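Good morning, colleagues. I shall walk you through a few local features of the structure on the screen.

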Amino acid sequence: MKTETLKRKYEPLSLLFAAFGGVVLLFIIAPLISMFLNCSLLELAETAKDPEVRGSIWLTLLTSMAATTIFAIAAIPFSYLLARKQFPLKGLVSGIIDLPIVIPHSAAGIALLSVVSRGTFLGQAADKMGFSFVGSSVGIMLAMAFVSIPFLINSARDGFLSVPVRLEKAALSLGASPFRVFFTISVPLASRSIVSGLILMWARGMSEFGAVLIIAYHPMITPVLIYERFGAFGLKYARPVAVLFVSVCLVFFIILRLLVRGKDAAHR
Amino acid sequence: MLLTVRDISKAFSGFEIKNVSFDVQPGWYFVLLGASGVGKSLLLEIIAGLTRPDAGQIFLNGKDITSEKIQKRKIGLVFQHNTLFPHMTVYDNIAYPLRSGHTKSQISKRVAQLAENFGVTNLLNRKSQTLSGGESQRVSLARTVASEPDCLLLDEPICSLDATSRPQIRTLLRRINANGQTIIHVTHDYTEAVSLGTHIAVMERGIIAQTGKVEDIFQHPKSEFIARFIGIRNFFKGHLEQPYHQSGLKLFRTGSLDFSVLTDRLAGNGFVCIRSEDVTISNLDPMAKPTSARNNFEGTIVDIVRAGPGIEVIVDINTDKSKLINKANSTPLEVAALISNESVKTLNLHCGKKVILSFKASAVKYVEE
């Protein structure tokens, strides 16, 4: 029995596929490792002290988190609707949600700009309230949300789809309002997918460059700062910023993943 | 009238229920009996509001609730499959319908009381996913009763349970009903109908074929389908006596007659069922040799009817003696025997003829009430 499983484990096809997998993994890891190795600790320490770098990292983290939180309020109920209800043109609506994934992000920035720039209705309305979308953190959030919201909606919708309808119906028949059923049954049971959607949206927003560049070059988020330092001073000056930013992102990402896993374990 | 169902129809592709009507009085234990796929569960879903009917009306306490929202109906539904909320403890599940309009201490008091009634006190802190089938069903029942429904609907609540939990849940259901809770119970198992129901509706291909009291349905099935479906033509209510020996052979008293029954059940009120295939008929013969059949009665043939491939001979075995003594006791006690056409000819059976009717004690199925 044991030898049989061993044999199956090492059959040629699996070995070939594992080799392919190794190439892909190397392709992802090698550039990152090379970047980290080429950056001295001294450079890194100096960069970490640079107020411009620190400011941009905080700005990036905060704007991406705020964009995710604010848009989640509308996106999560909408995902529930997509999972549960049939309505005319549902296929078209699903297609529209995926649009930001397929269009070039610089084009997305241009598109956004054409509804929020100073000359537009929204731009003028913002002007009257004393702020501007263009060149502000509000603009950054819009650009981040635009390109990252499909990840949250799709993940949350899949989560809601996996919640058995009969549990919701049982809750209704126990006298709970649809509102209460949504918050006490549907959302908790889909929470795993919703949280991983939130993490994806946040991570995707944080790494956005193209759309943000068009709407708000300043204040400078870290991806723009890396680009600027690369353009103005070259690789040597851009690299430590990149290493620092990637490290910060990784730390947050790992912490969140661990938190989600801990929550799941508690659920079980 | 507590619940009135009027001409409910609903069609799905290749499946429908047609003009279903019935009434349920307060306190009834109403069993909807039918084979799988006749639309019993669909009917429950319509009553509970999970599915909209194509036509017809439903009244609860005189109020039309046909298009009332699920959560406003005051109808509790226990589903066939487990619907306990997996992310909650047993306590939170039972407390779920109590959350609005009650204080925390009221809730914990009520949950404790329900938990005790349903025998789940020791499970309150468990996650609902860790429960066995029988435990889940108890908690589901407690949770639904907590919502204080006017009418409790049960969709096959027993059939998915293991053999040891079945009698426990049955006892529990009987107790809920005895507390005044009106219950509509859907099942395909006639023993459940017999042991629990006060009233039965038999469903056949999307329609209600017959409704009535348990005894009526089993003793006088309206159609051959019902007779065949319930499988039991001979059905008698009575009392199981203490055994006269240590053996499993017990005495079942119904009216003025006693049947010998082979059962390991304890004494008490109940029903006996005898399949008409298990009943034999012979001509009166003083020289007849004894057989292994413990139940032998003299009776008069009152009817001979065709039943599928055979002939059903109905014999009244209530003896002339008792008829003479007490007129009120003179209700006929009819037993049906399913025999072949050839036997009818050989024995020269005809209406009014006196015959001996026999069945074995082991052919009598006792179901406790």
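The model is predicted, so local features need pLDDT of at least 70 and side-chain atom pairs count only at pLDDT 80 or more, while totals for chains, interfaces and linings use all residues. Residues are numbered from 1 along each chain as its sequence is written, chains are lettered from A and ligands numbered from 1 in the order in which they are written, and side-chain values use heavy atoms, without hydrogens and water.

Helices (H or I, at least four residues) and strands (E, at least two) are DSSP runs, numbered from the N terminus. Strands pair if DSSP finds at least two bridges between them. β3(B), residues 29-34, runs parallel to β8(B), residues 182-187, with five bridges joining them. Five bridges also link β3(B), again in the parallel sense, to β9(B), residues 199-204; there, L33(B) is partnered with V202(B).

How many of the six residues of β3(B) are buried? Six of the six are, buried meaning under 20% relative accessible area, with exposed over 50% and partly exposed in between (1.4 Å probe, protein chains only). Y29(B), V31(B) and L33(B) point one way, and F30(B), L32(B) and G34(B) the other.

Next, E156(B) is located in the loop between β7 (151-155) and α5 (165-178) of chain B. E156(B) counts as buried because its relative accessibility is 6%. Not counting residues up to four places away in sequence, its contacts (heavy atoms within 4.5 Å) include K40(B), Q80(B) and H188(B).
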